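Here are some friendly notes to read with the structure open beside you.

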Amino acid sequence: MFVPAPIVPAQAPAPEAPAPTPPAGGVAHVVLPAYNEEGSLPALLTRLAQTARTERLVAWVIDDGSADRTAEIATAGEPGLDVRLVSHPQNLGLGQAVQSGIRAVLAAADPDDFVVVMDADDTHDPGMIRVLHDGLDAGADVVICSRFVEGGDDSTAPPFRRLLSRGAAVTFRSALRVEGVNDFTSGFRAYRVSVLARAAKHWGERLVEEQGFACMVELLLKLRHCNPVIAEVPLVLQYDRKQGASKLRLKRTIGQYVKLLVRDRLAPAPYRAL
């Protein structure tokens with residue numbers, strides 16, 4: 001037997017659900033060293049804007065003398081995302097781009113904020129920023145997205161990059177023995193602003209001296225004098241998202257790693273606690 005549906009009085013439409021509330025804690029200052037990244041930067045900024053719905057976030061694009069539209073894209077920004085541009089008039093290398101980004105953040109950030117350094121070629125997942133934040137909240141001072149812990153994967157990267165990363169990991173683990181680090185060369189990390197500020201106060205312009213990819217190892221070596229707690233979380237590298245050719249030069253990078261090892265052995269430790 002057909003039973004008619006009850007008549008329900010008309011109601012005003014339910015209010016739209018509010019956006020998720022950002023978690024408590026400091027702001028994530030995301031440093032993006034960028035050299036000729038007009039192909040990858042728009043997609044990355046879009047993904048960062050999605051992350052900014054649940055994470056308080058500022059994106060710092062460090063345009064390292066690009067000859068393409070990288071600076072123009074950063075200036076145009078992305079809806080829902082605070083994008084700030086720092087420009088080098090000429091290409092100075094990854095190390096100086098990281099140095100400029102850290103200096104800009106330290107001049108603007110609060111002590112309870114944190115710095116995330118990630119690649120601007122869209123191979124790193126901004127969704128990991130929440131995982132990095134959790135690691136800092138759990139007590140770490142530095143959290144590294146690692147390809148070399150359980151759950152990590154870099155199978156989408158070219159063979160020569162995988163070989164270099166693994167060779168560097170074995171060499172640095174045996175030569176440097178920095179507690180808690182397996183992936184010394186990962187470019188995706190989070191640092192407490194307070195720890196970076198202590199190191200920057202001591203080293204100043206010499207906080208990052210390496211020009212190329214070795215700068216990521218150099219920064220860890222200098223921060224170790226602050227006795228940081230370092231943690232690693234699994235990184236699934238998304239190298240298949242990369243637009244354009246790799247900027248890594250194999251022979252030059254190996255030479256930088258060797259020079260850094262020698263310099264670390266010869267350089268004296270800071271004369272006072274940091």
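1. A salt bridge here is a side-chain nitrogen of Lys or Arg within 4 Å of a carboxyl oxygen of Asp or Glu. Please keep in mind that this is a predicted model. Asp141 and Arg192 meet the rule, with their closest N and O atoms 3.2 Å apart. The pair joins distant parts of the chain, since Asp141 sits in the loop between H4 and E5 while Arg192 belongs to strand E6, 51 residues apart. Asp141 is buried, at 16% relative accessibility, whereas Arg192 is partly exposed, at 25%.

2. How many salt bridges does the rule give? The count comes to 16. One of them joins Glu205 and Arg103, at 2.9 Å from N to O. This pair also links distant parts of the chain: Glu205 is in the loop between H6 and H7, Arg103 is in helix H3, and 102 residues separate them. Glu205 counts as exposed, with 51% relative accessibility.

3. Arg69 and Glu72 also form a salt bridge, and their closest N and O atoms are 3.5 Å apart. Glu72 is partly exposed, with a relative accessible area of 49%, and Arg69 is partly exposed too, at 41%. Do look as well at Arg47, Asp122, Asp125 and Arg241, which are linked in a network of salt bridges.

4. Now to the interior. In soluble globular proteins, nonpolar side chains tend to be buried together. The largest nonpolar core here has 44 residues, and those touching the most other members are Phe172, Leu176, Phe184, Tyr191, Leu207, Val217 and Leu223. Two or more residues come from each of strands E2 (57–64), E4 (114–117) and E5 (142–146) and helices H3 (94–108), H5, H6 (193–203), H7 (215–223) and H8. H7 gives the most, with seven residues. Another core, of 32 residues, lies apart from this one; Ala34, Leu44, Leu57 and Phe188 are among its members.

5. H7 deserves a look of its own, as nine of its nine residues are buried. Its buried residues include Glu218 and Lys222, along with Cys215, Met216 and Val217.

6. Which residues make the one aromatic pair in the structure? They are Phe172 and Phe184, in a tilted arrangement with 5.7 Å from centre to centre and 45 degrees between the planes. Phe172 is in helix H5 (residues 159–176) and Phe184 in the loop between H5 and strand E6 (189–192), twelve residues apart. Phe172 is buried, with a relative accessible area of 1%, and Phe184 is buried with a value of 1%.

7. Helix H4 (residues 128–137) has Met128, Ile129, Leu132, His133, Gly135 and Leu136 as its buried residues. Viewed down the axis of H4, these fall within an arc of 160 degrees, so they line one face of the helix. Gly139 follows H4 and has a positive phi, near 120 degrees.

8. Finally, the surface. Ile254, Val258 and Val262 make a nonpolar patch of about 240 Å². Val262 is found in helix H8 (residues 250–266) and is partly exposed, with a relative accessible area of 45%.

Technical notes. Residues numbered from 1 in each chain as written. Predicted model: local features only at pLDDT ≥ 70, side-chain atom pairs only at ≥ 80, totals over all residues. Heavy atoms only, no water. Buried < 20%, exposed > 50% of the residue type's maximum accessible area, 1.4 Å probe, protein only. Helix = DSSP H or I, 4+ residues; strand = E, 2+ residues; numbered from the N terminus. Arc of directions from axis to C-beta. Phe/Tyr/Trp six-rings, centres within 6.5 Å; stacked < 30°, edge-to-face > 60°. Patch = residues over 30% accessible without salt bridge, like charges linked within 9 Å, V, L, I, M, F, W, Y side chains within 5 Å. Areas by Shrake-Rupley, 256 points an atom, 1.4 Å probe, with all protein chains shown as cover. Core = buried A, V, L, I, M, F, W, Y, C linked by side-chain atoms within 4.5 Å.
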